[in-house]
Amino acid sequence: MDAPLSTPCNIQICEVTCDSFRIMWDMTAEDTARATHFFIDLSRKENRDPNRFKHRDVPTKLVAKAVPLPMAVRGHWFLSPRTEYCVAVQTAVRQPDGDYLVSEWSQVVEFCTGDYAMEHLQQLLDKAKGSAGRLLKFSVFYRNQHPDYFDYVRREGGGLMRPALKDSSGSHGSPINGKLQGVFFSCNTEFDTGLPPKDSPYGPLRFQIPAGHLLNPNISLYFADFYCMYTAYHYVVLVLAPVGTEGDTFCRTRLPMLDLASNPFLTYTAPQRQGEEPLYCHASDVILEVLFTEPVHLDQGSVEQISGHHQLMSLTTANAKKDPSCKVCNISVGR
């Protein structure tokens, strides 16, 4: 009778990305020589079944031929970015009758997948370009809030709107979610007036600031996300970071940079002749969410009551979850 296999120990996870990881563990020299297969049990942390599966239930698990460790795990599951997983392993020897001699399950190890890498964001950017539409002129960035917000900014902040941490709305793997601070602005205009919309779900007061204060040659422009919320229209998240600032440094290695003068979403065109004004344009067929990474003072613009209705807060994108079934704004990772 074959000697039992020892239980894999010292499980280590390394080289974790948004859609892959490598796994290794300690085995005796005898087991390394004997093992023909590895069984890997992977599940989301919140959905983990306390009853470890047996090897005959392998359709939902990974059965891999034994390879030198560390072993790459990629594409066997549709791993989600920024998601906590539990993993355990068994070693096995395939018997002549097709059955397996297996070790005990190892201890369960937890790990978390990473953000979208630059290559994934480039895929998302390419998809967003197809939805951007033509460019329309605009002259102001604006930010709607409730009176309490502006009262607080004046009272506690000396009139300075300070950056806040980006929430979890949009694509789960966007590198800025929960990591980059900024002040959100809009710039979309209505087709018939060329002005900001009269309505807003974010509040009845609107701060408006001339476009040149936030969009100029001293600003770096980055693409951060493309998503929808089970609706026909889509959102593009852009980051404006003054050159050389902490926000600029954060984005430079994580997000695709866009040319200020030539991109499908938000452009700055320098004056062609003396006395002319710069030209500012925004994409017409997507809703732009623009995150400015530095504080903005109320004195740089004006706060006024909007003329339209204050819409329901349910129409906001605060912590909104992306529609995972939309073929327009989702990308494939793990392939």
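Asn 10 lies in strand E1 (residues 9–14). Strands (E, at least two residues) and helices (H or I, at least four) are DSSP runs numbered from the N terminus. Asn 10 has a positive phi of about 55°, although it is not a glycine. Asn 10 is partly exposed, at 39% relative accessible area. Here buried means under 20% relative accessible area, exposed over 50%, and partly exposed in between (1.4 Å probe, protein chains only). Glu 15 also has a positive phi, near 50°. Glu 15 lies in the loop between E1 and E2 and counts as exposed, at 54% relative accessibility. Most residues other than glycine have a negative phi, and most peptide bonds are trans. The peptide bond from Leu 69 to Pro 70 is cis, with omega near 5°. Pro 70 sits in the loop between strand E4 (62–65) and strand E5 (71–74).

This is a predicted model: local features need pLDDT of at least 70, side-chain atom pairs count only at pLDDT 80 or more, and totals for chains, interfaces and linings use all residues. Residues are numbered from 1 along each chain as its sequence is written, and side-chain values use heavy atoms, leaving out hydrogens and water.

**The chain as a whole**

The chain has four helices and 22 strands. Of its 335 residues, 46% are buried. Contact means heavy atoms within 4.5 Å. Among contacts with a separation of 6 or more, 76% join residues 24 or more positions apart.

**Cores**

A nonpolar core is a set of buried Ala, Val, Leu, Ile, Met, Phe, Trp, Tyr and Cys residues joined through side-chain atoms within 4.5 Å. The largest has 59 residues. Those with the most contacts inside it are Phe 141, Phe 185, Phe 223, Leu 240, Phe 265 and Leu 266. Apart from it lies another core of 18 residues, among them Ile 23, Trp 25, Leu 42 and Leu 62. In soluble globular proteins, nonpolar side chains tend to be buried together.

**Rings**

Rings of Phe, Tyr and Trp (its six-membered ring) pair if their centres lie within 6.5 Å; planes under 30 degrees apart count as stacked, over 60 as edge-to-face and the rest as tilted. The count comes to twelve aromatic pairs.

Trp 25 lies in strand E2 (residues 20–26) and Phe 38 in strand E3 (residues 37–44), so their pair ties together parts 13 residues apart in sequence. Trp 25 is buried at 4%, and Phe 38 is buried at 1%. Phe 185 belongs to strand E13 (residues 181–185) and Phe 207 to strand E14 (residues 205–210), so this pair ties together parts 22 residues apart in sequence. Ring pairs also link Phe 138, Phe 141, Tyr 268 and Tyr 280 into a cluster.

**Ser 220**

Ser 220 is in strand E15 (residues 219–227). Ser 220 is buried, with a relative accessible area of 5%. Its side chain makes a polar contact with the side chain of Asp 248 (3.1 Å). A polar contact is a pair of N or O atoms within 3.5 Å; within protein, one must be able to donate a hydrogen and the other to accept it, and residues adjacent in sequence count only if both atoms are side-chain atoms. Leaving aside neighbours within four places in sequence, Ser 220 is in contact with residues including Val 239, Leu 240 and Met 257.
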